[in-house]
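Here are my notebook entries from a browse through this model.

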Amino acid sequence: MGHGNKPGQRQVLESVYSAIALFFILVACVELCDAATVVDVYRLIQYDMSGTQFGSRLANLNHYAGSLHSPPGSDLSRTVLIIPLRDLNITFVTEYITQKQPLGGLLILLPQMFRHENIEMAKSSHQTDGDDQLKTVLAELEKLLIHSKIPYPVYFAFEDDDIEAVLADVKRNDASGQPATATTGGYKFVVSVPEPKKCASPSITNIQGWLSGLKTDEDTNQLPTIVIVASYDTFGAAPSLSVGSDSNGSGVVALLEIARLFSVLYSNPKTRGRYNLLFGLTSGGPYNYNGTYKWLRSFDQRLRESVDYAICLNSVGSWDKELWLHVSKPPENAYIKQIFEGFSDVAEELGITVGLKHKKINISNSRVAWEHEQFSRLRVTAATLSELSVAPELLESTGSLLDGRLFVDETAVIKSVKLVAESLVRHIYGHKGKNIQIFAENSSLAVNPSYIKSWLDLLSQTPRVAPFLSKSDPFILALKKELEDHTDEVNVQHEVLDGVFTFYDPTRASLNVYQVASVTFDLLLLLVLGSYLIVLFSFLVITTRGLDDLISLFRRPPSRKVKAA
């Protein structure tokens with residue numbers, strides 16, 4: 001009879017095991033089945049300067065979401081605060097950071113107008129005072145964040161329907177006095193990335209293209225050289241969003257178009273000038289023009305002495321009627337006077353104004369405000385052409401979050417190219433003061449708007465923070481190839497960024513948003529599941545072995561003493 005019960009017992013046990021397995025699966029799903037959405041997020045830069053720490057020092061997130069509607073006095077040390085830029089109070093954020101108040105994390109939501117993909121839509125919409133206010137707030141926020149040490153993760157994301165729906169729920173719960181906690185449940189934000197690590201020996205890459213002038217048998221000396229330079233890398237609060245469309249994407253585009261124009265002009269020996277042209281795309285611009293410094297020191301003395309003057313292009317894509325020529329030598333200097341008069345003559349014909357700004361360099365101060373100052377320190381005549389009347393502070397306005405394609409005007413770049421190209425050509429061919437347009441519209445030497453637009457679009461989609469650009473980055477290879485198409489000889493110089501700066505990965509991540517149930521719900525669910533398992537177990541025992549066996553399971557077994565008796 002005992003043998004007859006074995007199949008029934010085995011069937012009961014198998015059923016019980018299946019039920020228990022189902023139980024654990026359901027319990028696991030309590031936390032895991034409610035993933036709401038996944039959002040691309042961009043981390044605030046983390047760097048050290050001369051050993052001093054700046055930026056966000058952490059990267060991982062695993063906290064509940066909160067909003068500005070949180071009850072006063074709430075403990076936010078384990079809360080990720082979501083702040084849309086449209087609602088951001090810069091005074092509140094400044095006080096929170098400067099007073100070092102605890103926070104689990106910070107997520108800044110940026111409007112879609114700051115995204116390159118929305119350029120056409122944003123251009124077609126009317127620009128309101130509200131947009132100008134957003135730009136002002138974002139500029140102040142970025143300045144605050146990059147110059148502060150922040151002991152919690154800070155991320156940026158773009159507004160979309162999914163994250164806005166999450167934010168609406170979070171606001172609603174906070175406003176009702178029920179912020180998300182382990183007890184009440186809510187939305188949990190999770191970012192799982194490796195711990196920040198130093199970028200080992202960050203490299204900077206300089207690219208130069210040489211366009212040879214016409215040298216006759218009678219020329220015993222080396223031909224004079226004119227240098228055209230633009231720094232191509234950027235720095236901003238979020239490295240993965242730092243595209244610098246204007247600073248200094250516009251300068252890079254202008255240089256490439258000038259190189260293209262002169263390559264056509266120099267392709268014919270009859271129109272080739274008796275000046276060499278040296279085009280330089282330099283790196284390390286935000287860091288005291290460190291790349292320019294190393295590039296110039298690679299020149300041999302003969303080349304350096306042959307330089308007639310250098311023109312550096314910086315932020316020439318967001319101006320209307322006025323540009324500035326920044327110099328280190330006094331305006332009375334004969335060379336400076338000649339350069340300025342040449343630019344002024346062409347500017348007058350184009351209906352624009354070029355002003356002159358003189359700033360004497362301080363050799364004892366390592367701070368370099370403009371790229372031409374690196375030339376001036378070597379006693380080479382140079383100037384910077386820019387829409388900026390004053391040099392930006394260190395690490396500022398060199399690829400900020402609001403420096404995107406939307407805010408760069410192709411027409412401004414085209415006018416800048418015409419100004420520089422016509423000024424150079426009159427100097428090279430001795431046409432000073434003559435109203436002659438070599439690069440006239442509808443001619444073979446006309447400025448190409450499509451070329452300028454395509455390169456502006458590319459630069460506006462390419463983050464270019466030097467420590468995160470490898471030597472073989474596709475963008476660097478594209479610049480090299482473009483100069484090869486327009487010059488006789490191209491050389492690439494790889495250097496290590498000076499050790500004053502240290503940078504850390506990662507720069508971007510995925511934010512997983514989970515809708516987590518409250519503990520009360522979990523307990524209730526476990527109670528329901530437990531009751532279900534008890535009923536299921538009892539039913540299986542009764543149907544396979546009978547009611548008596550079920551009752552015997554709960555009957556107290558006899559003691560050993562009774563058995564012994």
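**Entry: a proline in a loop.** I looked up Pro506 and found it in the loop between β19 (501–505) and β20 (508–516). Helices here are DSSP runs of H or I with at least four residues, strands are runs of E with at least two, and both are numbered from the N terminus. The peptide bond from Asp505 to Pro506 is cis, with omega near -5°.

**Ground rules.** I am working with a predicted model, where local features need pLDDT of at least 70, side-chain atom pairs count only at pLDDT 80 or more, and totals for chains, interfaces and linings use all residues. Residues are numbered from 1 along each chain as its sequence is written, and side-chain values use heavy atoms, with hydrogens and water left out.

**Entry: another cis bond.** I also noted a cis peptide bond from Ser247 to Asn248, with omega near 0°. Asn248 sits in helix α6 (residues 245–266). For context, most peptide bonds are trans, and most residues other than glycine have a negative phi.

**Entry: positive phi.** Which way does phi point at Lys100, positive or negative? I read a positive value of about 55°, although Lys100 is not a glycine. Lys100 lies in the loop between α2 (90–98) and β6. Lys100 counts as exposed because its relative accessibility is 65%; my classes are buried under 20% relative accessible area, exposed over 50% and partly exposed in between, with a 1.4 Å probe and protein chains only.

Asn442, also not a glycine, has a positive phi of about 65°. I found Asn442 in the loop between α11 (410–429) and α12 (449–459). Its relative accessibility is 83%, so Asn442 is exposed too.

**Entry: strand β8.** How many residues of β8 (residues 154–158) are buried? I counted 5 of 5. On one side Val154, Phe156 and Phe158 are buried, and on the other Tyr155 and Ala157 are. In a regular strand the side chains alternate between the two faces of the sheet. Strand β6 (residues 105–110) pairs with β8 in the parallel sense over 5 bridges; pairing takes at least two DSSP bridges. Leu107 stands opposite Tyr155 in β8.

**Entry: acidic patch.** Asp160, Asp161, Asp162 and Glu164 form a negative surface patch. Patch residues have over 30% relative accessible area and no salt bridge, with like charges joined within 9 Å; a salt bridge is a Lys or Arg side-chain nitrogen within 4 Å of a carboxyl oxygen of Asp or Glu. I placed Asp162 in helix α5 (residues 161–175). At 45% relative accessibility, Asp162 counts as partly exposed.

Key
Patch = residues over 30% accessible without salt bridge, like charges linked within 9 Å, V, L, I, M, F, W, Y side chains within 5 Å. Areas by Shrake-Rupley, 256 points an atom, 1.4 Å probe, with all protein chains shown as cover. Lys, Arg positive; Asp, Glu negative; His and termini not counted. Charge placed at Lys NZ, Arg CZ, Asp CG, Glu CD.
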